[in-house]
Amino acid sequence: GGQGVVFEAIQESTRRTVAVKVLLEGPFAGERSRWRFEREVRLVAGLKHPHVVAIHESGIAQGRYYFAMDYVRGQPLDTHARLAGLSLRATIQLFVTICDAVGYAHRRGIIHRDLKPSNVLVGEDGDPQVLDFGLAKIMAPDSPLPRTWLGPAEPGGVSRVAEEAQESHRSLATAPGHVLGTVRYMSPEQTRGDLDAIDTRTDVYSLGVILYELLTGSPPYETTGDLMYAFRSIREIDPPRPSRLRRDVPSDLDAIILKAMHKEPDRRYSSAEQLKEDLTAWLDGRPVNARSDSSFYVLRKLAVRYYYHTFVIFALVAALVGLVGIEYHALAQTRTALQERDISDSSTQMAYKDMERFFVDGQRTLRQYVVGWFLQAWQEGQTEWAREILAELKPNSPEHLALRYLLGDGVTAEQLERDLPPSSAALRHFVLAERYLRSGQTDEARAQFEQCVSASGQQYELFKRAAAARLQEIDEATLDTPRGSAALEREGVRGESRATTPNP
């Protein structure tokens, strides 16, 4: 590299293989080069992390500055990802480990400032190692760094640590035309020479560029030509979304990468630790913070996860909205009745009947709300939760008997036929179908769902809509089997009846 040369060596005291970095100019190195070399030793010596290359020994031999560190038998990150043919998920899992190492350095007050694939080696065991802190920056003069062989403070009383803090304010300012870092992975604030703006978010930007390249195989900007054009591209041009270059990149990863690479530091993750948390959330199938400003996104994520119950919850919300409307109407009627003292006895009786209907409808809606949550718990196999919900229903209600049948609490199909009133036919067919479906008897389940849809009465409209949704799921699953043609024929037969059924 530009500062040192690295040799593979044997450490005589331990007989282990190490990598020895020697200052390139040897005894003829300038004061600034020696200072930076010594500084790297101090920084890395304070980092004890399984994925940060550790230093074992440092010193001066025949006027040559050197330090010995872990020898990683492996490849640069981008080479490893290409040759290993890592899947999308495997790439993110590997990158989470890298973010953990960089996040550890951030917590220790150290900014790498030169993160790139060649500074992350992946060993033969698949473990990554972050190295080369030669251009690192310390965020505060009192960062917890150990004293090493590098000696006491310079004459004049300025300590090495304080000098390290001052270095970040003079690096570019005292070296016109000299760029610290690798242009391809520089953040916008680095290209401006705005050293006060360089913090942990600068490393986050570089990590975003690395992940962009790992997933797409292409850099986000053209940086191989004129230097000023490259800087302008980094500052002003928005990169294409990764999903445009690789179709299997989901929108969540698009959001994570573009948040890490945002031009404005305040819009990025504040540290590599936050980037790691969002990538872990994506791996776990949870909502990611990169899209936390979108309430619709969170709702859509939950709807996909619980797709079957989404329409049930939607129906319940609609019922509650209707309930509020009925209540408002009833209260308005009551207020009008109180204001008009000459209201007739017949009008008063009608108002009481409206209020009575309101409470009856409210109780029915609340029962349906409880049934909806019971179905969700039962479908997910959470039997204890389902029993707790069932306890909220009146024991003598038709719903209570039907849901006990679903739980297998000693209620038989014959008992349902005998004890449920004719007005509860839709409820009876629905629970019979669900039991058939769970036991793998698809044809019997289909027949019961069809009878539920065609049952008369509006009292159990919720179950009719649920049965229509179930039929659609069964038919879609059947289309991929040899029985698909028969399913299509049944679709034609039911076409007229489905035209009047709400689409979930």
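Glutamine 62 is exposed, with a relative accessible area of 76%; exposed means over 50% relative accessible area, buried under 20%, and partly exposed in between (1.4 Å probe, protein chains only). The model is predicted: local features need pLDDT of at least 70, side-chain atom pairs count only at pLDDT 80 or more, and totals for chains, interfaces and linings use all residues. Residues are numbered from 1 along each chain as its sequence is written, and side-chain values use heavy atoms, with hydrogens and water left out.

Glutamine 62 lies in the loop between strand 3 and strand 4. Helices (H or I, at least four residues) and strands (E, at least two) are DSSP runs, numbered from the N terminus. Strand 3 covers residues 55-61 and pairs with strand 4 in the antiparallel sense over six bridges; two strands pair if DSSP finds at least two bridges between them. Glycine 59 has tyrosine 66 of strand 4 as its bridge partner. The hairpin of strand 3 and strand 4 has two residues between the strands, and in this hairpin glutamine 62 takes a positive phi.

A positive phi also occurs at arginine 15, which is in the loop between strand 1 and strand 2. The two residues are set out below.

| Residue | Phi | Relative accessible area |
|---|---|---|
| Arginine 15 | near 60° | 60%, exposed |
| Glutamine 62 | near 55° | 76%, exposed |

The structure holds three aromatic pairs. Rings of Phe, Tyr and Trp (its six-membered ring) pair if their centres lie within 6.5 Å; planes under 30 degrees apart count as stacked, over 60 as edge-to-face and the rest as tilted. Phenylalanine 37 and phenylalanine 67 form a tilted pair, at 5.3 Å centre to centre and with 40° between the planes. Phenylalanine 37 belongs to helix 1 and phenylalanine 67 to strand 4, 30 residues apart, and the pair thus links distant parts of the chain. Phenylalanine 37 is buried at a relative accessible area of 0%, and phenylalanine 67 is buried at 1%. Elsewhere, ring pairs link Phe430, Phe449 and Phe463 into a cluster.

Charged side chains also meet rings. A charge sits over a ring if NZ of Lys or CZ of Arg is within 6 Å of the ring centre and within 35 degrees of the ring normal. The charged end of lysine 259 sits over the ring of tyrosine 269, 5.2 Å from its centre. For arginine 435 over the ring of tyrosine 405, the distance to the ring centre is 4.5 Å.

Helix 9 (residues 251-260) is largely enclosed by the rest of the structure, because seven of its 10 residues are buried. Among the buried residues of helix 9 are Asp252, Asp254 and Ala260.

The largest pocket has a volume of about 790 Å³. On a 1 Å grid over the protein atoms alone, a pocket is an open set of points where a 1.4 Å probe fits, with protein on both sides within 12 Å along at least five of seven lines; lining residues have an atom within 4 Å of a point. Grid points are joined across faces, edges and corners, and a volume is the space filled by probe spheres set on the points. Of the 32 lining residues, Gly1, Gly4, Lys21, Asn119 and Asp132 are the closest to the pocket centre. Strand 1 (4-11), strand 2 (16-23), helix 1 (31-45) and strand 4 (64-70) are the elements that give two or more residues to this lining. Strand 1 supplies the largest share, five residues.
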